[in-house]
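Reader: I am new to this structure. Could you walk me through it, please?
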Amino acid sequence: MAWIAKNSAGTQIERREQPYLTDELKAKFEAEVLPRYPTRLAATLPVLHELQHRYHYIPYQAIEEAAAFLGVAPAQVLDTASFYEEFWLEPKGKYLIMVCQSLSCELLGHGSLLEKIKSKLGIAPGQTTPDGRFTLMTAECLGSCGTAPCALVNETLYENISVDNFDRVLDSLQ
Amino acid sequence: MTPEELRHKAAEERTAQKRYKHCLNVCMAAGCMSSGADQVKEALTSVVRRYGMEEEVPVRAVGCMGLCSAGPLVSVEPKGVLYQEVKAEDASDIVTSVNDVPVKRIHCPTDTPFFTRQKKIVLENCGKVDPERLEDYIAADGYEALLKVLTEMKPAEVVQQVTISGLRGRGGAGFPTGLKWGTVSKAGTGQKYVICNADEGDPGAFMDRAVLESDPHRVLEGMAVAGYAVGADRGYIYIRAEYPLAIKRLRLAIRQATRAGLLGNQIFGTTFNFNIELRLGAGAFVCGEETALIASIEGRRGLPRPRPPFPANYGLFGRPTLINNVETLANIPTIIRNGGAWFASIGTEKSKGTKVFALAGRVQNTGLIEVPMGVTLREIIFDIGGGIPEGKKFKAVQTGGPSGGCIPEQHLDMPVDYESLMQVGSIMGSGGMIVMDETSNMVDVARFFMEFCMTESCGKCVPCRVGTYQMHELLDRIHRGQGTPTDLELLKELCDVVKNTSLCGLGQTSPNPVLSTLRYFEHEYQELIAAANQAHAATPAGEVTR
Ligand SMILES: Cc1cc2nc3c(=O)[nH]c(=O)nc-3n(C[C@H](O)[C@H](O)[C@H](O)COP(=O)(O)O)c2cc1C
Ligand code: FES
C-alpha cells in the first residue's frame, strides 16, 4: 500500500566517502536524459532506476545526491522513491524472486509454490535470506496468465512452474 | 531514409525471403522462451548447418504465435505447418521433413477454430516477423503508413481517417480515438506530446506485452503517425518494469528506427521530427491511469488528479498530450494503409475492428487471440478456447480485470462489444479473460480483486483508500464463514459510495467485481452467511466467534 507513510524520522544515514551518483553517471544523464525533458525533476525515475540497477538498492545518501543533482529537496526524491513498490530503500538479495499472486496464477496453484519457496528459503515475502542471496516478493500479474503459475527472478521469467522444477531453479542460482 | 530507400529496402528484403524454399520460424516470445524455445532454435540451427542447408532453410526468431499453452512453437513457412511442444531432440526430424509430410508426433493442426476463427490486424505480424529485425518489419509493409501520411496526407486528413475507422481506445474505457486525436490537434500550437500507455497492469491481461515483444516497430510507427496528426514531436512510452523482454526489444527497436531515420529529425526528408523516449514504471498499478502516469513521467508520485482539465488540453508538463494504449496505436498503421472505411467494415455498429484477448484460467487453449468485435463469448471460450479442461463445468468468465465483472453462463451468447459487456455488468477493459469453472468460489474472486484494489490504491482520496480496505474486510469475513446479513448490507452500501465518490477510475470501478458477483451469484454469499449463522447459533454462549 503505497500510501502508508514509511517512518524515516531519526534515520541514521550511513555515509561513505565515494559518491553513489558518480561524475560519470551525472555526465551521462546530462547528455542523454536531461535534454529530453523540460524540467530536471522529470529525470527522477530514470536516475532512481539507474542507481538501483548499479547498487541493487537506493541508499539514503544516494537520494541526497540525486536531489542535489536534480535541484530539488531530498524529501521530494524520497517521497517519490518511497511511493513505488519496486524501489528498494534497503539492500535486497542478489536474486529477487517475484512470485505472481494474481488470479490466473492463483487458480493454477501459486499457493503451493509460494509455500514451498517460503519453507525452502525460510523467509516470508518482503524478507531477504541472511546470506543475502534471495529476496522474496509477491507481484501482481506478470502478464503470463496463459502459462501460469509464473515468477520473475531478476529479469528472467519462469512460466508453467511446478514446485519441483522451481526447486531446481533455486538450487542453480548461486 | 528517403521514401525510395524504404521501398527499395522492402523490395530487397522480400526478394531475399523468396529465395528461401522454406523458413523455420521459432516463437521467441516470453511464453515459449520459458519453455525452452532458445534451445530449440539452437538445435534447429545446428541441424540445418550440419545438413548444409543454410541457403535454403533459414531459422528465424519470431514473436508470439498465440497458442502459448502449447509452446515452444515452430512453424514451417510458407507451407504453414505448425509444430507444438517442440523439444531440441525434434530438430532433426523437423529439418529432414521440410519437403515431406509433417512430423506427426508434434504436428499441430491449424484447421481448428483456434486458428480459423481469428482475424488478425494488431497481431498480423506476430509470429511472422523477427521482432529484433527492422528489415523484417519493413518487408511486411512497415513504415509505409508513416510514409503515406508524411508525403500524401495533411494532419487533419489523418485524424479524419481515424475518426471514420470508428476505432475506440483499447486501454479500457473505449473512448473514440478519432475524437481524442481531434481534440489534441486543435489544442493550440506549441509543444505537444504523445504518450503510449504500456503500463498494462490488469491481472489477466497480457495483450500489450505480446504486441511489444513480437512487433515493437508497429507501436513506434503508430506513435509517429499520431505525432504527425496532432502536431507533437516527442513521444514517451511508459512501460512497466516487470516486462524485461518487452523493454529490451523496444529499446532495440527505437535504436534501429532512429538509426534508419524513421524516427528523429526530418523523417523521410520532410519537416516532421519525432523522437521517442522509453520510461519505466516501478510497480505501481495506478500509474496506468493517465493523470497518474503523467505525474510519474514528471518525476513525482503516481497520484491521479481530478479531470477536467483533460490531458488532451493540459497534460504532460502542462502541455496538450495524447495518451493512447499500445493496442490502440498498433491498429493505426493498418488503418492508414487500408483506410478508415475498411476498418469500419469489421465489427459491430458501435465497436469497430478487432480486439485482442488474453485467454487464461480454466480453459483448454490459453494464449492470445484476436477476433472481430461482435463474436460471442461462447465462440471465444468453447470454439477458440476449446472449452473447460478435465470435463469440468463452466461457471463464469471474468473480463476487464479489477474494473470488470464476472459473466455467467446465461450471457454466453451475447456478442462481445463495449456496450453489451457494460449491460451485463462488466466491461471490455483491456482484454483479459479469465475463465472459471465450477470449482471457483465467486466470493473468493470478488475478495481477490478487492485485495488488489486495496493494495494498489494510491491513497489520495478517502473513498478509495478507506473504502477498498473496509470492503475487503467485509468480503474476507464473509469468505471465512464469519459474515452476518448486516455485513452484506454494509458491503452493498459501501460499493455504492466508493463507486460514486472516488477520484479516479481505480476507486470508481473497484466495486464492479463485487457488484457483478452479487448480481449473478448472490446465493454464494448467502450460503456462506447462512452457514456462519448456524455455526454461531451452535456455539455455546460466552464464546466469541470473531
Ligand atoms: C486504475 C487505472 C489503470 C489503468 N491502467 C491502464 C493500463 O495499464 N494501460 C492502458 O492503456 N490504460 C490504462 N488505463 C486507462 C488510461 O487511463 C487511459 O484511459 C488510456 O490509456 C487511454 O488510452 P486509449 O484511449 O487508447 O484506451 C487505466 C485507468 C485506470 C483508472
Ligand atoms: S495472473 Fe500470474 S501472470 Fe497473470
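Author: Two strands pair if DSSP finds at least two bridges between them; strands (E, at least two residues) and helices (H or I, at least four) are DSSP runs, numbered from the N terminus. This is a predicted model, where local features need pLDDT of at least 70 and side-chain atom pairs count only at pLDDT 80 or more, while totals for chains, interfaces and linings use all residues. Residues are numbered from 1 along each chain as its sequence is written, and chains are lettered from A and ligands numbered from 1 in the order in which they are written.

Reader: Which strands stand at the edges of the open sheet of five strands in chain B?
Author: The pairing in this sheet is mixed, and the order is β11-β10-β14-β12-β13. Each edge strand has a single partner, so one of its sides is left without a neighbour in the sheet. Those strands in chain B are β11 (367-372) and β13.

Reader: What is the bridge partner of Gln398(B) in β13(B)?
Author: Strand β12 (residues 394-399) of chain B pairs with β13(B) in the antiparallel sense, over four bridges. For Gln398(B), the partner in β13(B) is Cys406(B).

Reader: Which strand gives the most to the side of domain 3 of chain B that touches domain 4 of chain B?
Author: By an automatic or database domain assignment, domain 3 of chain B covers 354-440 and domain 4 covers 443-538. Their contact (C-beta atoms, placed from the backbone, within 7 Å) takes eleven residues from domain 3 of chain B and 14 residues from domain 4 of chain B. With three residues, the top contributor on the domain 3 side is strand β13 (residues 405-408) of chain B.

Conventions. Two residues are in contact if their C-beta atoms, placed from the backbone, lie within 7 Å.
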